[in-house]
Amino acid sequence: MSDVETSTNEPLIRYPYRFDRTSTAGELIDRYQSLEAGTSGEMVASVAGRIRTVRTHGKLGFADLEDSSGRIQLFAQHGVLG
């Protein structure tokens, strides 16, 4: 079996044909710019853009995602993501 086939002989799609974005970076900035530092929310958003920088600090990770509407900072914790 090749690495591009599944056990049912159907091709494995490595990259989906579409991605359903729910927000742009600019929309998230507008929506959350009044949030106080240290405040978190439970909203889930799907954004698409280019990762411009990636920084790690121990078990924390930061990345800057940029699209045509702006740039946002992504934050990840190893203990949360696993």
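**Sheet, helix and buried residues in a predicted model**

Q: How many bridges join S2 to S3?
A: In this predicted model, strands S2 and S3 run antiparallel. A hairpin of two residues leads from S2 into S3, and Leu-65 faces Ile-72 of S3 across the pairing. The number of bridges joining S2 to S3 is eight.

Q: In what order do the elements of the protein chain run from the N terminus on?
A: Let's begin with the inventory: the protein chain has two helices and three strands. Read from the N terminus on, these elements follow the order α-β-β-β-α.

Q: Over how many bridges do S1 and S2 pair?
A: Strand S2 covers residues 60-67, and its pairing with S1 is antiparallel. Within this part of the sheet, Val-54 sits opposite Ala-63 of S2. The bridges between S1 and S2 number seven.

Q: Which strands stand at the edges of the sheet?
A: The sheet is open, and its three antiparallel strands are ordered S1-S2-S3. One side of each edge strand is left without a neighbour in the sheet, because each has a single partner strand. The strands at the edges are S1 (50-57) and S3 (70-77).

Q: At about what angle does helix H1 run to S3?
A: Helix H1 is made of residues 25-32. It lies across two strands, S2 and S3. Relative to S3, H1 runs at about 75°.

Q: Is Ile-72 buried or exposed?
A: Ile-72 belongs to strand S3. Its relative accessibility is 14%, and the cut-off to apply is under 20%. Ile-72 therefore counts as buried.

Q: What distance separates the C-alpha atoms of Ile-72 and Leu-28?
A: Leaving aside neighbours within four places in sequence, the contacts of Ile-72 include Ala-25, Leu-28 and Ile-29, and helix H1 spans residues 25-32. Along the chain, Ile-72 and Leu-28 are 44 residues apart. Their C-alpha atoms are separated by 8.1 Å.

Q: At what relative accessibility does Ser-23 count as buried?
A: Ser-23 lies in the segment before H1. Setting aside neighbours within four places in sequence, it is in contact with Leu-28, Arg-31, Met-43, Ala-45, Ser-46 and Val-47. Ser-23 counts as buried because its relative accessibility is 2%.

Q: Which residues form a nonpolar patch on the surface?
A: One member is in helix H1, namely Tyr-32. At 32% relative accessibility, this Tyr-32 counts as partly exposed. Together the members have about 240 Å² of accessible area, and they are Tyr-32, Leu-35 and Met-43.

Q: What percentage of the accessible surface of the protein chain belongs to carbon and sulfur atoms?
A: For the protein chain, the accessible surface comes to about 7000 Å². As for its 82 residues, 17% are buried. The part of the accessible surface that belongs to carbon and sulfur atoms is 52%.

Definitions and conventions. Residues are numbered from 1 along each chain as its sequence is written. This is a predicted model: local features need pLDDT of at least 70, side-chain atom pairs count only at pLDDT 80 or more; totals for chains, interfaces and linings use all residues. Side-chain values use heavy atoms; hydrogens and water are left out. Two strands pair if DSSP finds at least two bridges between them. Helices (H or I, at least four residues) and strands (E, at least two) are DSSP runs, numbered from the N terminus. Contact means heavy atoms within 4.5 Å. Axes are lines fitted to C-alpha atoms, for helices over the stretch in contact, and angles run from 0 to 180 degrees between N-to-C directions. Buried means under 20% relative accessible area, exposed over 50%, partly exposed in between (1.4 Å probe, protein chains only). Accessible areas come from the Shrake-Rupley method with a 1.4 Å probe; for residues, only the protein chains shown count as cover. Patches are made of residues with over 30% relative accessible area and no salt bridge: like charges are joined within 9 Å, nonpolar side chains (Val, Leu, Ile, Met, Phe, Trp, Tyr) within 5 Å. A salt bridge is a side-chain nitrogen of Lys or Arg within 4 Å of a carboxyl oxygen of Asp or Glu.
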